[in-house]
Amino acid sequence: MSQYWSPIVSRLAPYVAGEQPRIQNLVKLNTNENPYGPSPRAVAAIQAAAGDALRLYPDPSATALREAIAKRFGVDADQVFVGNGSDEVLAHTFQALLKHDKPLLYPDITYSFYPTYSRLYDIDVVEIPLDEGFRIKISDYDRPCGAIIIPNPNAPTGIGLAIAEIEALVSGHPDVPVVVDEAYIDFGGETAANLIVRYPNLLVVQTLSKSRSLAGMRVGFALGQRHLIDALERVKDSFNSYPLDRLAQVAATAAIEDVEWFEICRQKIIATRDRLSDELLAMGFDVLPSQANFVFARHPALSGAEVYSALRAKGVLVRHWNKPRIADYLRISIGTDAECDQLLEVLKSLPAAS
Ligand SMILES: Cc1ncc(COP(=O)(O)O)c(C=O)c1O
């Protein structure tokens with residue numbers, strides 16, 4: 001029945017999200033969700049907003065939320081763009097800022113939505129290989145291009161770049177937009193948000209799905225100088241005037257303001273990640289140094305697919321990609337200490353673990 005489709009639909013390569021299975025007692029370490037709940041202030045704000053006012057459209061510019069984000073990052077509210085998850089912010093970014101005559105550059109191993117958006121918007125790309133240690137080498141980006149996007153830390157490797165390297169990348173390409181996707185920055189990296197005042201080509205994208213535990217509300221944002229935000233707003237207002245509903249706006253505002261909750265949860269995740277990394281290393285795993293809320297690790301003997309299946313059979317779900325270079329690695333989201341212990345127990349029971 002695809003004769004009814006617009007021609008582009010057959011050419012799309014849709015993103016495949018991690019499973020959300022309905023299995024009881026599953027240890028779900030496959031989509032980088034936060035194991036701790038959102039700020040109680042965010043939940044209270046949702047409850048307070050869940051009333052008669054829902055018959056009214058929400059604020060199309062999410063003013064209170066943008067002001068809260070601006071205050072937190074020391075920028076002006078008109079330097080903040082918000083969207084329905086950072087995926088939507090990224091989608092608008094690809095359309096508004098990353099399509100040029102020269103190619104868009106991004107790493108060959110990275111967030112798999114980048115190729116999907118490039119296909120959707122028909123953007124010419126060149127994928128820049130990570131080095132042999134799975135690192136982004138910024139000198140490899142010294143080539144003619146129309147734009148650059150990288151995650152910092154990168155996904156699914158978890159490896160971060162120092163802020164000086166990010167600045168070198170941004171300052172080294174003054175004529176093209178450089179987008180830094182900081183979905184995981186709060187777990188050990190340093191944000192480039194402070195650089196936006198100095199660099200008219202820098203856009204920083206963040207999400208409330210990970211460090212603020214609001215994946216279910218779908219809120220992300222971008223920080224940049226006014227001309228970049230203006231481009232995003234033009235695309236957004238040609239697409240959906242109300243991407244953030246009333247509940248999402250109040251929840252996100254409260255979550256941004258509750259710095260104490262944010263600090264406690266992210267520190268717990270960092271501590272569990274470092275312990276899990278050490279235990280995996282002690283078992284002979286190859287573990288990439290992670291600054292994110294996940295680790296990317298390879299069993300010393302078994303294939304990625306074998307370990308993935310063995311874990312799944314015991315009710316532990318992690319993420320595995322059957323792709324060149326990374327097929328033997330698993331991306332393990334950081335859960336609670338108890339969840340990570342369950343994972344380790346299954347791994348220790350595998351035949352070839354030393
Ligand atoms: C690198 C990266 N960017 C962006 C996102 C999107 O997050 P969200 O749409 O939940 O804000 C993800 C989600 O996994 C990610 O890994």
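1. Contact here means heavy atoms within 4.5 Å. Helices are DSSP runs (H or I, at least four residues) numbered from the N terminus. The model is predicted: local features need pLDDT of at least 70, side-chain atom pairs count only at pLDDT 80 or more, and totals for chains, interfaces and linings use all residues. Residues are numbered from 1 along each chain as its sequence is written, and side-chain values use heavy atoms, with hydrogens and water left out.

2. In α4, Asp87, Glu88, Leu90, Ala91 and Phe94 meet Phe113, Tyr114, Tyr117 and Ser118 of α5. By class, this contact has 6 nonpolar, 1 polar and 2 charged residues (Ala, Val, Leu, Ile, Met, Phe, Trp, Tyr, Cys and Pro count as nonpolar, Asp, Glu, Lys and Arg as charged, and the others, Gly among them, as polar).

3. Helix α2 (residues 40-49) and helix α8 (residues 246-257) have axes that come within 8 Å and cross at roughly 155°; axes are lines fitted to C-alpha atoms, for helices over the stretch in contact, and angles run from 0 to 180 degrees between N-to-C directions. The two helices are therefore roughly antiparallel (angles over 145 degrees). On the α2 side the contact involves Arg41, Ala42, Ala45, Ile46 and Ala49, and on the α8 side Leu247, Val250, Ala251, Ala254, Ala255 and Glu257. These residues divide into 9 nonpolar, no polar and 2 charged.

4. The residues around the ligand (a heavy atom within 4 Å) include Ser86, Asp87, Leu90, Thr207 and Arg218. An oxygen atom of the ligand is 2.6 Å from a polar backbone atom of Ser86. For side-chain N or O atoms, the distance to a ligand oxygen is 2.5 Å at Thr207 and 2.7 Å at Arg218.

Key. A polar contact is a pair of N or O atoms within 3.5 Å; within protein, one must be able to donate a hydrogen and the other to accept it, and residues adjacent in sequence count only if both atoms are side-chain atoms. Angles under 35 degrees count as roughly parallel, over 145 as roughly antiparallel, 65 to 115 as roughly perpendicular and the rest as oblique.
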